[in-house]
Amino acid sequence: MLVKEVNEEERLAALHSYHILDTAEEKDFDDLTVLASVICQTPIALISLVDAKRQWFKSHIGVDDTETPIELSFCSHAIASHNDIMIVPDAKVDPRFAENPLVTGPISITYYAGVPLVTEDGHALGTLCVIDYEKKILADDQINALKTLAKQVVDKLELRRKIIHLEKTNQDLLNSNVLIQKFASMAAHDIKNPLSSILLTSQALRLRHLKLQDEGCILLVDLNITATQNLMSLVEEMLAYSRDPALLLVKKQKFDFTGTLRKILNLLSIPDNIETLLPKDKIELNLSLIAFEQIFINLLSNAIRYNNKDKGIIKIRYDEDDDFYRFEVEDNGIGIAAQYHEKIFTNNFTLKITDRYNKKGTGIGLSTVNDLINALGGNIYVKSTPGEGATFYITIKK
């Protein structure tokens, strides 16, 4: 394959995509270098990769150096020639190399033959080259063999890149599966609130229905319908996510911040002694709605559950800059000791305390919130004084 005529920026981008520069020696590449030296009967053979400032040797036989400046590089000329091989019979009389320190100095290069390492996309990454101290002529069979070995080098580079890609994909899949499990656990917990509301209102409705013409039945019916609709909306979002987990993070949509917060609060059981203060201005966000909902369902639920004051207050604040949305969720609840400010975001960590409903946390909620926010390119941390409350600070990348 001939070298593709592309600009240097594209070639360098292709080279760096292989993540091969400055890696350790590998036997598979060294074996090909040895074969090239033996077949061509040269004391030096190199697998050379050319970046913006140097040529770096993935494998080298006959020299101790692992790189040389690009100004001295024979291989940079080879990949710029757009030929399938560059042969320099006598560098000492070649005007391109006669003054090169690699020719005039101790190494004293005389003969050079380099085959560009050309990818499937036509990018020349470097060369497989052989070097001798004396003038020589390679036979056609030797030249063909050198070209074949160069293709083998490219094949190994491609294979190595595919393995790295597969390993990353597998790791991403593992991370995704962990996030899915934690998200499902948290979402299942969130569904309990509207279900409990439906159950309680249904039971109350049945009792009141025994008393004919009780106007309170209509109010209970409306509460029941609202809770059911909220639950159905959440379930539909979860079903869409289950079909395509990537939707959780990549599917952005515009929505009203305060309106969404009110919808979330309607899903939660809020005691009469707790007041929630929301931003008054109309604020439009462009984010993953389901991820946003899960983050704030958890934070608001915790602010309610762990508040022991006669008058509980939850304040939600908003700001933004060019790169991030910024949120604050402040409460005047029981607070969190300083030594736990980081630990509460780790998996399965709990403070081993009971909430206002005499239940203990699972250690899943804040860990999943942290994972979701990190996946959205943001950050979360807390400031808190025990007995005075806590404020969670959240940034999410636009």
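User: Which residues lie nearest the centre of the largest cavity?
Analyst: Leu-46, Phe-57, Leu-102, Ile-109 and Ile-131 do, out of 16 residues that line the largest cavity. A cavity here is a set of points on a 1 Å grid over the protein atoms alone where a 1.4 Å probe fits but cannot get out, and lining residues have an atom within 4 Å of a point. This is a predicted model, where local features need pLDDT of at least 70, side-chain atom pairs count only at pLDDT 80 or more, and totals for chains, interfaces and linings use all residues. Residues are numbered from 1 along each chain as its sequence is written, and side-chain values use heavy atoms, with hydrogens and water left out.

User: How much space lies in the largest cavity?
Analyst: About 150 Å³, the volume being the space filled by probe spheres set on the points. The structure holds 2 cavities of 30 Å³ or more.

User: Which strand gives the most to the lining?
Analyst: Strand 1, with 3 residues. Strand 1 (44-50), strand 2 (54-61) and strand 6 (124-132) each supply at least two. Strands are DSSP runs of E, at least two residues, and helices are runs of H or I, at least four, numbered from the N terminus.

User: What is the lining by class?
Analyst: It has 12 nonpolar, 3 polar and 1 charged residues. Ala, Val, Leu, Ile, Met, Phe, Trp, Tyr, Cys and Pro count as nonpolar, Asp, Glu, Lys and Arg as charged, and the others, Gly among them, as polar.

User: Switching to Thr-110. Buried or exposed?
Analyst: Thr-110 is buried, at 4% relative accessibility. Buried means under 20% relative accessible area, with a 1.4 Å probe and protein chains only. Thr-110 sits in the loop between helix 4 (101-104) and strand 5 (111-118).

User: What does the side chain of Thr-110 reach?
Analyst: The backbone oxygen of Tyr-133, at 2.7 Å. Beyond its neighbours within four places in sequence, Thr-110 has contacts including Val-88, Pro-89, Asp-132 and Glu-134. Contact means heavy atoms within 4.5 Å.

User: And helix 9, how many of its residues are buried?
Analyst: 17 of the 17, so helix 9 is largely enclosed by the rest of the structure. Helix 9 covers residues 289-305 and reaches 24 Å from its first C-alpha to its last, close to the 24 Å expected at 1.5 Å a residue. That expected span is 1.5 Å times one less than the number of residues.

User: What is at the start of helix 9?
Analyst: A side-chain oxygen of Ser-288 reaches to within 3.4 Å of the backbone nitrogen of Ala-291.

Note on methods. Buried < 20%, exposed > 50% of the residue type's maximum accessible area, 1.4 Å probe, protein only. Polar contact = N/O pair within 3.5 Å; in protein donor to acceptor, adjacent residues only side chain to side chain. 1 Å grid on protein atoms, 1.4 Å probe; cavity = no way out; pocket = protein on both sides within 12 Å on 5 of 7 lines; lining within 4 Å.
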